Amino acid sequence: MEEAESKATATPFECMVSRFNSAARKLALDEDLCQVLLTPDREIGLAIPVQMDNGRVRVFQGYRVQHNLARGPSHGGIRYAPDVTLDQSRAIAAWMTWKCAVVKIPFGGAQGGIVCDPKNLSTPELERITRRYTASLIDTLGPERDVIGPDITTDQRVVAWIMDTYSMHVRHTVTAVVTGKSLDLGGTVGWREATGRGCKIVCDQALSRFRMKRENTRVIVQGFGNVGSMAARILHESGYLVVGVSDITGGIYDPRGINVTQLLAYAEEAETVIGFPDADAITGPELLEQPCEILLLAATESQITVHNADKIKARIICEGANDPTTPQADEILYDKRTFIIPDLLAHAGGLTVSYFEWVQDRQGYFWNLKTVNDRLEEIIGNSFDTVASYADCHGVDMRIAAYMLAIDRVACATRARGIYA
Ligand code: NAD
């Protein structure tokens, strides 16, 4: 009841502030600096008039929030959805700042969006919306200012239109203004699977911390979209035993292990994991409570709550999705000694490879897949070790440690630059 109430009233930004405050208190950060770090550097609201296919003009609402520029230009996604709000963009931009700082990528966080339902818009309408949004933001975008990537509901087409519009306005081709591009336009190899690969790297690190072996490690994966399917595939290929998978339609479970390569082929055709032969059907919520060593959450937010936290049997939770565990569930899991690899770290693989794309675009020199994957492994692996040592040293869990490390790094940069007040 208490949790239901707090969820009903807390906005995404307030949730971020509550995690921030816990970490800032441990760091004994002074109040003025907290205020500087919490307040977004820039928030832009935009009216986007667009001519629709029927000849009428419709005005869409758009946003771009650049949360913090202390460590470099801002970087973050763009989302097209009916529930996009300024508060949501503000929260995701701030999370992105902390995520970049945890893995020591020289970006601050940003996030933008347009309030619309892409399912009800034609491709030409989406293109016009994207181009007008980009043109309106022209002075605040750029490889040295703010770099846009795709988010849920946007894709390679959208970032290509942004890149083209930006390039037309500045009169030369600027590939590094966006990430997540196709290879033809200056994208990078390894981008599509980067978030899933990052999840596998942190799972490997957790295994070596607990002296566990991959072949004895049962994994349950919630969510079989970009992150979940790639992570499941890479874990399966690396020798982990994937015993359960779910998507929005339900789950499948086989304690002897699921052949993820076959499941991928099946799900592509059937557009669901349900009905996969040789595995039992199970509901999504029940799957989360089955015995396993690793529970990989790659679906959506608030999946582990006060209602199911004490039934979770996994030794390790890997948060591939944004904010899948509520703060109240965190406390229950902490008492049960469940080891949580927090979202700030667990899904930073995508951001890291986006950074590689920006670097390669600016160099005009492109790396092969081995180089991308080796560098990703080095960054995510080292970041896991740093967060784990920070947690041990300060006697806090991995989540608070990740926030503390991130906030400390942004605070250090802010202090070193001085506040131009
Ligand atoms: P996606 O839309 O490709 O896939 C989401 C998957 O989750 C789908 O299979 C969907 O059916 C499933 N799902 C939704 N609700 C579910 C539920 N209640 N139970 C079980 N399955 C459910 O999204 P994605 O790109 O894979 O992203 C997943 C999460 O990871 C999101 O929270 C996203 O913000 C976060 N994330 C994604 C990336 C990335 O690179 N794609 C990077 C960082 C964070």
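Student: In strand E10, which residue is the bridge partner of Val-219?

Tutor: In this predicted model, the bridge partner of Val-219 is Ile-294, and the pairing to which E6 (residues 218-222) and E10 belong runs in the parallel sense over 4 bridges.

Student: Are the two faces of E10 covered or open?

Tutor: Both are covered, with Ile-294 and Leu-296 buried on one side and Leu-295 and Leu-297 buried on the other.

Student: How should I place these strands in the sheet, and what is the order?

Tutor: The sheet is open and has 7 strands in the order E9-E8-E7-E6-E10-E11-E12, with mixed pairing; its edge strands, E9 (280-282) and E12 (339-341), each pair on one side only, and the twist averages 20 degrees from one strand to the next. At the E9 end, E8 (residues 250-253) pairs with E9 in the antiparallel sense over 3 bridges, and Tyr-253 stands opposite Asp-280.

Student: How do I read a pair of packed helices?

Tutor: Two packed helices are described by the angle between their axes and by the distance between those axes. Helix H2 (residues 12-27) and helix H15 (residues 398-417) pack at about 70 degrees, with axes 9 Å apart, which means that H2 is roughly perpendicular to H15. Among the residues making the contact are Phe-20 and Leu-27 of H2 and Tyr-403 and Ile-407 of H15, and the contact residues divide into 7 nonpolar, 1 polar and 4 charged.

Terms used: Residues are numbered from 1 along each chain as its sequence is written. This is a predicted model: local features need pLDDT of at least 70, side-chain atom pairs count only at pLDDT 80 or more; totals for chains, interfaces and linings use all residues. Side-chain values use heavy atoms; hydrogens and water are left out. Axes are lines fitted to C-alpha atoms, for helices over the stretch in contact, and angles run from 0 to 180 degrees between N-to-C directions. Angles under 35 degrees count as roughly parallel, over 145 as roughly antiparallel, 65 to 115 as roughly perpendicular and the rest as oblique. Contact means heavy atoms within 4.5 Å. Ala, Val, Leu, Ile, Met, Phe, Trp, Tyr, Cys and Pro count as nonpolar, Asp, Glu, Lys and Arg as charged, and the others, Gly among them, as polar. Two strands pair if DSSP finds at least two bridges between them. Buried means under 20% relative accessible area, exposed over 50%, partly exposed in between (1.4 Å probe, protein chains only).
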